[in-house]
Amino acid sequence: MAGPRILVPRLEGVSRERFMQHLYPQRKPLVLEGIDLGACTSKWTVDYLSQVGGKKEVKIHVAAVAQMDFIKFFFVYFRTLPFDELVQRAAEERHKEFFISEVMDNFLIQVTGKKRVILFSPRDAQYLYLSGTKSEVLNIDNPDLVKYPLFSKARRYECTLGAGDVLFIPALWFHNVISEEFGVGVNIFWKHLPSECYDKTDTYGNKDPTAASRAAQILDRALKTLAELPEEYRDFYARRMVLHIQDKAYSKNFE
């Protein structure tokens with residue numbers, strides 16, 4: 001199990017102005033209740049979606065294992081399936097998404113059904129055993145603490161989404177989503193930073209900001225340079241570099 005459990009706050013009747021001026025700048029997850037999403041919250045049932053979508057073929061991700069793993073890439077990119085069959089199959093199983101963070105802000109809109117969402121702050125990244133933007137810890141409810149001992153220090157934020165709930169997920173927050181029952185969720189992503197901060201070739205919106213990518217490349221070159229030193233010296237100067245990064249780059253303004 002991860003560290004302390006924290007419930008994600010829930011607010012009802014939040015206006016756009018209040019969200020943008022007072023809540024959005026806090027950069028923390030928040031469940032918004034009471035937003036009028038229209039008739040879709042009751043209308044989009046399995047039967048309705050199957051009937052409307054019919055036999056139109058859609059492209060889907062299919063995992064070769066029970067849980068998708070975007071680190072080892074155990075999935076097939078382009079398999080086609082009739083839409084009504086996709087809906088019927090999705091309704092039969094309880095689904096769990098991989099554990100990931102994204103570089104854009106995100107509204108997860110729960111149109112129908114029920115989801116459990118677990119989030120971790122980017123401030124706890126050192127406990128999450130990262131490979132890029134993904135965590136190697138796949139089973140966050142029963143993690144292997146022998147293999148991932150630091151995971152127990154990560155603060156775990158939790159919420160349950162029902163039909164009509166909207167979860168704000170700030171950029172860089174790690175999240176894992178479990179479908180408790182069949183439902184439809186819609187994600188809306190947008191850029192928190194100015195457009196010029198992002199990679200213009202990033203079709204899917206999941207590449208690091210360009211400044212972060214350049215910094216990572218510089219770090220790789222620095223590590224190759226350190227490799228020219230004997231182990232004792234390499235270790236000492238690497239530790240000095242880490243302390244310098246912590247002093248100059250770590251923020252003291254966030255929890």
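User: How many of the 6 residues of strand β10 (residues 156-161) are buried?
Analyst: This is a predicted model, where local features need pLDDT of at least 70, side-chain atom pairs count only at pLDDT 80 or more, and totals for chains, interfaces and linings use all residues. Residues are numbered from 1 along each chain as its sequence is written, and side-chain values use heavy atoms, with hydrogens and water left out. Buried means under 20% relative accessible area, exposed over 50%, partly exposed in between (1.4 Å probe, protein chains only). Strand β10 is mostly covered, and its buried residues number 5.

User: Which residue of β10 stands opposite Leu7?
Analyst: Strands are DSSP runs of E, at least two residues; helices are runs of H or I, at least four; both are numbered from the N terminus. Two strands pair if DSSP finds at least two bridges between them. Strand β1 (residues 5-7) runs parallel to β10, joined by 3 bridges. Opposite Leu7 stands Glu158.

User: In which sense do strand β7 (residues 114-120) and β10 pair?
Analyst: In β10, Thr160 has Arg116 opposite. The two strands share 5 bridges, and the sense is antiparallel.

User: Why are the buried residues of α3 on the same side?
Analyst: Helix α3 (residues 46-53) buries Val46, Leu49 and Ser50. They lie on the same side because they cover an arc, taken from the directions from the helix axis to the C-beta atoms, of only 100 degrees.
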